[in-house]
Amino acid sequence: MKPFYVSLRPFLDYRSFKYPMDWGKVFGNDRPLEVEIGSGNGEYLARLSQGQPEVNFIGFEEYCERIHKTLRKLSRNKQNNVRILRMDIRTAFDFLFSPHSVQYVHCLFPPPWPKKSDAKHRLFTTNFLKLTNNRLVKGGVLKIVTDQYPYILWIEEQLPGAGFDRQLNHIAATYDTKFERKWVEEGQKEFFELLLTKVENIDITQKKEENLKYYILDRFDPHHFHMEEFSASGIAVIFKDFLYDPARKTALLHVLVNDEHVFQNIRITIFQTSDGWRLKLAEGTMLMPTAGVAKALELVYQAALVSA
Ligand SMILES: C[S@@+](CC[C@H](N)C(=O)[O-])C[C@H]1O[C@@H](n2cnc3c(N)ncnc32)[C@H](O)[C@@H]1O
């Protein structure tokens, strides 16, 4: 049987670092950084990192199964110049990268969301283009490759004010990735490669991680605990579930938190200790410490006070 993957070394758990990340420390050197958005099964990331040992590559992908396939490919790569993270690139650019820190951003076949009603899901909005511009070094390049010409036209509408010069190339199949092969099999012969070069810097402030508080309560009554949904100033907090174990005097809440494009499922626990009740994020909760998470903790604290 083929091993699932040989080494987890390229997989990075961003929770164990301070933001913005010190990429020099991660890689052990200060070589230029290149990013791949939506690295899929990792063919291109593996080829790039193998072919350019003088550059450090960081792939971002949301699907676990594709990350597993990427790790399998990367395990054949003897170099230590590649990392992969399971994360939305918008959150990554918000938190993990400082301004002027990335040399090149690659994105092959981003989901085009072709229906007009789904346009809100498209990645390369003016705001995201401005954020990418800010994270790129002067003269840095964002390359977007797609099979969909209307998607190129839509991105071009987003470009004014984002600080890029554009060049569009009509190309044949070039990249040999899973999605390119799929379109080739379906008969597509022409693809579109948009090269955006940073010519003017767009100022964007670095997002800071919130300091998440622990709360202490003198009293807490799980039987009278009740939460309301919250939505204001770009933050939404929705309470999904509340479980209470009377034997262990421990409550567990499932909460959905949304700050702009960052959507997180978190767990908050309230448990009895010798000096009262303690309220905090449950262990192992995967999260970016955003303003929305801080707000969710505060809302649970207020509701717990009312319950007592
Ligand atoms: C159509 S696939 C292309 C994959 C690969 N580049 C290829 O050519 O085979 C798009 C990929 O982008 C990833 N993706 C979409 N939006 C993303 C985002 N905001 N951040 C990170 N990855 C994203 C998806 O998970 C998906 O694997």
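Author: The account below begins with the chain as a whole, turns to the sheet, and ends with some points elsewhere in the chain.

The model is predicted. Its chain holds 8 helices and 13 strands, and buried residues make up 31% of the 308 residues. Taken along the principal axes, the C-alpha atoms fill a box of roughly 65 × 45 × 40 Å. The domain assignment gives domain 1, residues 14-198, and domain 2, residues 215-307. The centres of domain 1 and domain 2, taken over C-alpha atoms, are separated by 35 Å. Among contacts between residues at least 6 apart in sequence, 72% join residues at least 24 apart.

The sheet is open and has 6 strands, in the order β8-β13-β12-β11-β10-β9, with antiparallel pairing. Strands of a sheet pair through backbone hydrogen bonds, either parallel or antiparallel. At the edges stand β8 (215-217) and β9 (230-232); each has a single partner strand, so one side of each is left without a neighbour in the sheet. On average, and with direction ignored, neighbouring strands of this sheet are turned by 20 degrees against each other.

Consider next the strand β11, which covers residues 250-259. With β10 it pairs in the antiparallel sense over 10 bridges, and Tyr 244 has Ala 251 in β11 as its bridge partner. The hairpin of β10 and β11 has 4 residues between the strands. Lys 249 lies in the loop between β10 and β11, and this residue has a positive phi of about 45 degrees although it is not a glycine. Lys 249 counts as partly exposed because it has 14 C-beta neighbours inside 10 Å.

On its other pairing, β11 is joined by 10 bridges to β12 (residues 262-273), and the two strands run antiparallel. Asp 259 has Val 262 in β12 as its bridge partner. This hairpin has 2 residues between its strands, and Glu 260 in the turn takes a positive phi of about 45 degrees.

Strand β11 also has two faces to describe. Its covered face consists of Ala 251, Leu 253, Val 255, Val 257 and Asp 259, whereas Thr 250, Leu 252, His 254, Leu 256 and Asn 258 form the uncovered one. Helix α8 (residues 291-307) lies across β8, β9, β10 (235-245), β11, β12 and β13 (276-281), and runs at about 140 degrees to β11.

Ile 266 is found in strand β12, and it is buried because 20 other C-beta atoms lie within 10 Å. Not counting residues up to four places away in sequence, Ile 266 touches Val 255, Val 257, Leu 281, Thr 285, Leu 287, Val 293 and Ala 296. Ile 266 and Thr 285 are 19 residues apart along the chain, yet their C-alpha atoms are separated by 5.8 Å.

The nonpolar cores come next. In soluble globular proteins, nonpolar side chains tend to be buried together. The largest nonpolar core has 44 residues, of which Val 35, Ile 37, Phe 60, Ala 92, Val 102, Val 105 and Ile 144 touch the most other members. Ala 92, leaving aside its neighbours within four places in sequence, is in contact with Phe 60, Leu 85, Met 87 and Phe 97. Another core, of 16 residues, lies apart from the largest one, and among its members are Phe 220, Val 257, Ile 270 and Leu 279.

Two backbone details remain. The peptide bond from Tyr 19 to Pro 20 is cis, with omega near -10 degrees, and Pro 20 lies in the segment before α1 (23-27). Phe 109, in the loop between β4 (102-108) and α5 (126-135), has a positive phi of about 55 degrees although it is not a glycine. Phe 109 is buried because 21 other C-beta atoms lie within 10 Å.

Methods. Residues are numbered from 1 along each chain as its sequence is written. This is a predicted model: local features need pLDDT of at least 70, side-chain atom pairs count only at pLDDT 80 or more; totals for chains, interfaces and linings use all residues. Domain bounds come from an automatic or database domain assignment. Two strands pair if DSSP finds at least two bridges between them. Axes are lines fitted to C-alpha atoms, for helices over the stretch in contact, and angles run from 0 to 180 degrees between N-to-C directions. Two residues are in contact if their C-beta atoms, placed from the backbone, lie within 7 Å. A nonpolar core is a set of buried Ala, Val, Leu, Ile, Met, Phe, Trp, Tyr and Cys residues joined through C-beta atoms within 7 Å. A residue is buried if 20 or more other C-beta atoms lie within 10 Å of its own, exposed if 12 or fewer, and partly exposed in between; C-beta atoms are placed from the backbone.
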